[in-house]
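Work through the following exercises with the model open beside you, and try each task before you read its solution.

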Amino acid sequence: MTTLSSIDRLDHAIDFLVAHPQAALPPVEDDISELVEIAGELRYLPRTEFKLRLRAELQEPAPASQAHGAAQPSRLARREDAEPILPTLLGLGGGAYPLQRSSVALSFVLHAAAVVLIASSGFWLTQHRQQLTHQVTTIFSASDYALPVAPGKAGGGGGGGDGDKLAASKGTPPRFAREQLTPPAVVLRNPEPKLPVEATVIGPPQLTFSPQSPTGDPLSALLTPSNGAGSGGGIGSGSGGGVGSGHDAGVGPGWGGGIGGGVYRVGGGVSEPRIIYDPDPEFSEEARKAKYQGVVVLSVIVGPDGRPHDIRVARSLGMGLDEKAIEAVNKWRFVPSMKDGRPVPVEVNIEVHFRLY
Amino acid sequence: MTAIANGIDEQLLVEAAQLDPGRFAELYENNFNRVYAYVAHRVRDRDEAEDVTAEVFHQALANLGKFEWRGVPFVGWLLGIAANVLASRWRHPSEREVPAEAMERAETGVEDGMERRTLLLQLLETLPADQRYVLARRFADQRSVREIAQELGRSEGAVKQLQFRAVQTLRARVRGTHDHPVVH
């Protein structure tokens, strides 16, 4: 009975010690006083996992700062529920963390400035509702939209060459085909290919050139055989496996296939370019004051590089909004149109809506 | 002879750890209880004691190359670091100042009651597993007798008895050690 009583009394004393870790030892009878002293020493026993975790932490590779002697205090044993938020800022846990009062003051000022800025911007917006603009932009095929024919505009075509020092020699392009397996060449770099394939240029197959030999650039005047100074195979000063100074597998200057002929249009195997970056145009000051709104239609060639080229105003709105629309669309970026798995230039019209609310 | 041998062993351990920080673990194991006992007695708060102890060993590891063996036990150097860490952490030195003589005592490893507290931590590891578990959960993890009883699947009375026996055993072993002190 006495033993049980001692057990209970020691347990009560331990309850007190655990609940009041800073307090002095509670008064107890002599028979358990020594035991309570022992228990008092055990009050600050480290948590079971602390020693192991600290050992593991010490065995980890030391960060660079520690390698130079600047040891970092560990927080591995601190319990989240026992830690107040922002202890030093709120005056709690003083001294537990290094604190620079100037940093606290600077932080406070910066945060206060940020709050004022956010609040004032909301106020400004409510006071200038009429200036809030909203632009709706759409992109659609130029083939669906009646546009005036550009006067004297040289169309697409193609070009090529293989980096020769001489310009391309005069001759006739090979026959047109829907697809090109081998670009044409005046000077054959591989005269005996294992699998000969006829050289073609891309364009309507019904187009033909008057018979003339040898193969070459019809616009050239040179007779010395040469593939030209261009790149990507083909003949001429351009690039892309065609003939001429253009940038595709057709013939002549400009983009696309065919002869001298224009860019692709959406449809018929040519996919629509997809906008990936379209910053809104600004409202011109003049139009804003006049509360003028409407739609500007721009004719744009979206190149294989995804950038807009040759931006022209197809339907003007005036009051500086045309320029603002061009300025904005010039910054746009696209996923280019694809034809047969290759990016191709395509002409599209873009509507830029200016509206005041 | 044993003390001299221990000193030589410790010197070798320190030199090995200076060459290979991976060997610091042995120094850590040998000195953890003493450092923790010193710090815990000073701060009287488990969270802070654990933080300071961790910082002491991190600083010791980072500055181990600067340690020079002068015949003073390695723990003296650790306790010196602990005293400095405590002094730098307390904002109001006048309230919880570490007096110069206390610093000196720390560095030489002679601190009132520290041996006893260190011994208790060491003796805890010699208790039977169930008694050690009860004390660890009760004091370190601050669990109630009821919670421990549920964890162990035993009655509260049985847990209280385990707790009582564990403290009794510690008292007996502390007395026994004092009657037959171990030479380090």
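The exercises below concern how two chains meet.

The model is predicted, so local features need pLDDT of at least 70 and side-chain atom pairs count only at pLDDT 80 or more, while totals for chains, interfaces and linings use all residues. Residues are numbered from 1 along each chain as its sequence is written, chains are lettered from A and ligands numbered from 1 in the order in which they are written, and side-chain values use heavy atoms, with hydrogens and water left out.

**Exercise 1. Describe the interface between chain A and chain B by its residues and its buried area.**

Step one is to take the contacts (heavy atoms within 4.5 Å), by which 47 residues of chain A touch 53 residues of chain B.

Step two is the buried area, that is, the accessible area (1.4 Å probe) that two parts lose on being put together, summed over both. For chain A and chain B it is about 5000 Å², with 58% of it on carbon and sulfur atoms. Of the area that chain A buries against chain B, A:Y44, A:K51 and A:L58 supply 14%, more than any other three residues.

**Exercise 2. Find salt bridges between chain A and chain B.**

Begin with the criterion, which asks for a side-chain nitrogen of Lys or Arg within 4 Å of a carboxyl oxygen of Asp or Glu. Between chain A and chain B the count is 11 salt bridges, and over all chains the structure holds 23.

Next, look at examples: B:R138 pairs with A:D15, their closest N and O atoms being 2.5 Å apart. This pair crosses from helix α8 (residues 129-140) of chain B to helix α1 of chain A, where helices are DSSP runs (H or I, at least four residues) numbered from the N terminus. Another salt bridge joins the side chains of B:E50 and A:R47, at 3.1 Å from N to O.

**Exercise 3. How are α2(A) and α7(B) oriented to each other?**

First, α2(A) and helix α7 (residues 114-124) of chain B pack at about 85 degrees, with axes 10 Å apart; the axes are lines fitted to C-alpha atoms over the stretch in contact, and angles run from 0 to 180 degrees between N-to-C directions. The two helices are therefore roughly perpendicular, a term for angles of 65 to 115 degrees.

Finally, A:E37, A:I38 and A:E41 of α2(A) meet B:R116, B:R117 and B:L120 of α7(B).

Technical notes
Parallel < 35°, antiparallel > 145°, perpendicular 65-115°, else oblique.
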